[in-house]
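Subject: Structure for you to look over

Dear colleague,

I am handing over the structure we spoke about, and below it you will find my notes on what turned up when I went through it. Please read them with the model open beside you.

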Amino acid sequence: MDDPELAAIRQQRLQQMQGSNPEQQKAQQEQRQAQEEMKNSMLAQLLDQDARARLNTLKLSKPDKAQMVEGMIIRMAQMGQIGGKLDDANLVKLLESLNQQMPRSNSTVKFDRRRAAMDSDDDDDDYGI
């Protein structure tokens, strides 16, 4: 029942499913790196220094949103909607319009203050002031 060919085929199939082929992983990594470099060079051509700094700040705080904005800027440039370099004010307008289109999460913060026997407000009464 334990055929060596069958075991070899199973091992090969398992490696394919796990993606553990080192050459394939290296090729995918190089492809992702090339795409990232191309995206960065396009953004450097499309955004001025201040807008680029704002986008990098956004990338630190909200990476998914920054990635969406980067893709949107590149698509707009490919369709010819961006004439020259986007400055910071135009990027802010773009971000504001994007914020209006996106659904907002209804997160709330609730403070639950529990009063102890000795409250800081009661300290004045103890000293007779």
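Predicted model: local features only at pLDDT ≥ 70, side-chain atom pairs only at ≥ 80, totals over all residues.

A residue is called buried here when its relative accessible area is under 20%, exposed when that value is over 50%, and partly exposed in between.

Overall fold

The protein has six helices and zero strands, so that reading along the sequence gives the pattern α-α-α-α-α-α. Among contacts with a separation of 6 or more, 62% are accounted for by residues 24 or more positions apart. The accessible surface comes to about 11200 Å², and carbon and sulfur atoms hold 49% of that area.

Salt bridges

Side chains of opposite charge can pair when their charged atoms come close. A search of the whole structure finds four salt bridges, and I describe several of them here.

One of them joins Lys39 to Glu70, with the closest N and O atoms 2.9 Å apart. Because Lys39 lies in helix α2 (residues 22–46) and Glu70 in helix α4 (residues 63–78), this pair ties together parts that are 31 residues apart in sequence. Both partners are on the buried side of the cut-off, since Lys39 has a relative accessible area of 18% and Glu70 has one of 1%.

Glu70 also meets the side chain of Lys59 in a salt bridge, at 2.9 Å from N to O. Here Lys59 lies in helix α3 and Glu70 in helix α4, so the pair ties together parts that are eleven residues apart in sequence. Lys59 counts as partly exposed, at 29% relative accessibility. Through salt bridges that share partners, Glu36, Lys39, Lys59 and Glu70 are joined into one network.

Another salt bridge is formed by Arg54 and Asp88, whose closest N and O atoms are 2.5 Å apart. This pair links distant parts of the chain, with Arg54 in helix α3 (residues 49–61) and Asp88 in helix α5 (residues 88–101), 34 residues apart. Arg54 is partly exposed, with a relative accessible area of 36%.

Nonpolar core

Which residues of the largest nonpolar core touch the most other members? Of its 18 residues, they are Leu47, Leu55, Val69, Ile73 and Leu91. The elements that give two or more residues to this core are α2, α3, α4 and α5, and the largest share, six residues, comes from α4. For Ile73, leaving aside its neighbours within four places in sequence, the contacts are Leu43, Leu46, Leu47, Ile82, Leu86, Leu91 and Leu94.

Packing of α3 and α4

The axes of α3 and α4 are 6 Å apart, and the two helices pack at an angle of about 140°. Angles over 145 degrees would count as roughly antiparallel, and α3 and α4 are therefore oblique to each other. On the α3 side, the residues that meet α4 are Leu55, Leu58, Lys59, Leu60 and Ser61, while α4 brings Pro63, Lys65, Ala66, Val69 and Glu70.

With best wishes

Conventions:
Residues numbered from 1 in each chain as written. Heavy atoms only, no water. Helix = DSSP H or I, 4+ residues; strand = E, 2+ residues; numbered from the N terminus. Contact = heavy atoms within 4.5 Å. Areas by Shrake-Rupley, 256 points an atom, 1.4 Å probe, with all protein chains shown as cover. Buried < 20%, exposed > 50% of the residue type's maximum accessible area, 1.4 Å probe, protein only. Core = buried A, V, L, I, M, F, W, Y, C linked by side-chain atoms within 4.5 Å. Axes fitted to C-alpha atoms, helices over the stretch in contact; angles between N-to-C directions. Parallel < 35°, antiparallel > 145°, perpendicular 65-115°, else oblique.
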